[in-house]
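Subject: A structure for you to look at

Hi there,

Here is the structure I promised to pass on. Have it open while you read, and my notes follow below.

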Amino acid sequence: MRTPGRTLDRREDRLAARQEKEVSEGAEHRIETPDGRIHAVSAGEGPVVLMVHGNPGLSWSWRHQMAPLASAGYRAVAIDCLGYGRSDRPTSLDHYHSD
């Protein structure tokens, strides 16, 4: 037996699944820097929330946070730091030390 509430729940579940798929696929960008290109994924519109992964990690690490931020009216942007994921990997060792 179908109930109106159950049908609405299914529609909401399908909408949420579609939004999650769009966010997980995300809009991909390449950001040019003097040291190489940085890969970024974004979702949503509004003020930017920039998410930077730790070590080790990738922009993919933020996939679960992107949909709620986009739904809340923010533009969620997650990057792969240089040397990680789909970002360029500089060849000079100077890029891989911390001071």
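Val48, Leu50 and Val52 make up a nonpolar surface patch with about 270 Å² of accessible area together. A patch here joins residues with over 30% relative accessible area and no salt bridge, linking nonpolar side chains (Val, Leu, Ile, Met, Phe, Trp, Tyr) within 5 Å and like charges within 9 Å. The areas come from the Shrake-Rupley method with a 1.4 Å probe, and for residues only the protein chains shown count as cover.

This is a predicted model, in which local features need pLDDT of at least 70 and side-chain atom pairs count only at pLDDT 80 or more, while totals for chains, interfaces and linings use all residues. Residues are numbered from 1 along each chain as its sequence is written, and side-chain values use heavy atoms, with hydrogens and water left out.

Strands (E, at least two residues) and helices (H or I, at least four) are DSSP runs numbered from the N terminus. Leu50 is exposed at 52% relative accessible area, and Val48 is exposed at 54%. The cut-offs are under 20% for buried, over 50% for exposed and partly exposed in between (1.4 Å probe, protein chains only). Beyond its neighbours within four places in sequence, Val48 is in contact (heavy atoms within 4.5 Å) with Arg75 and Val77.

Now for Ser42: is this residue buried or exposed? Ser42, in strand 2 (residues 36-43), counts as buried because its relative accessibility is 6%. Its side chain makes polar contacts with the side chains of His29, at 2.7 Å, and Arg75, at 3.2 Å. A polar contact is a pair of N or O atoms within 3.5 Å; within protein, one must be able to donate a hydrogen and the other to accept it, and residues adjacent in sequence count only if both atoms are side-chain atoms.

How many salt bridges does a search of the whole structure find? It finds two, each a side-chain nitrogen of Lys or Arg within 4 Å of a carboxyl oxygen of Asp or Glu. Glu28 pairs with Arg86, their closest N and O atoms being 2.8 Å apart. Asp88 meets Arg37 at 3.4 Å, N to O.

Last, confidence: pLDDT, the predictor's confidence in each residue from 0 to 100, averages 81 for the protein. Helix 1 (residues 4-25) is lowest, at a mean of 58, and strand 3 is highest, at 96.

Happy exploring!
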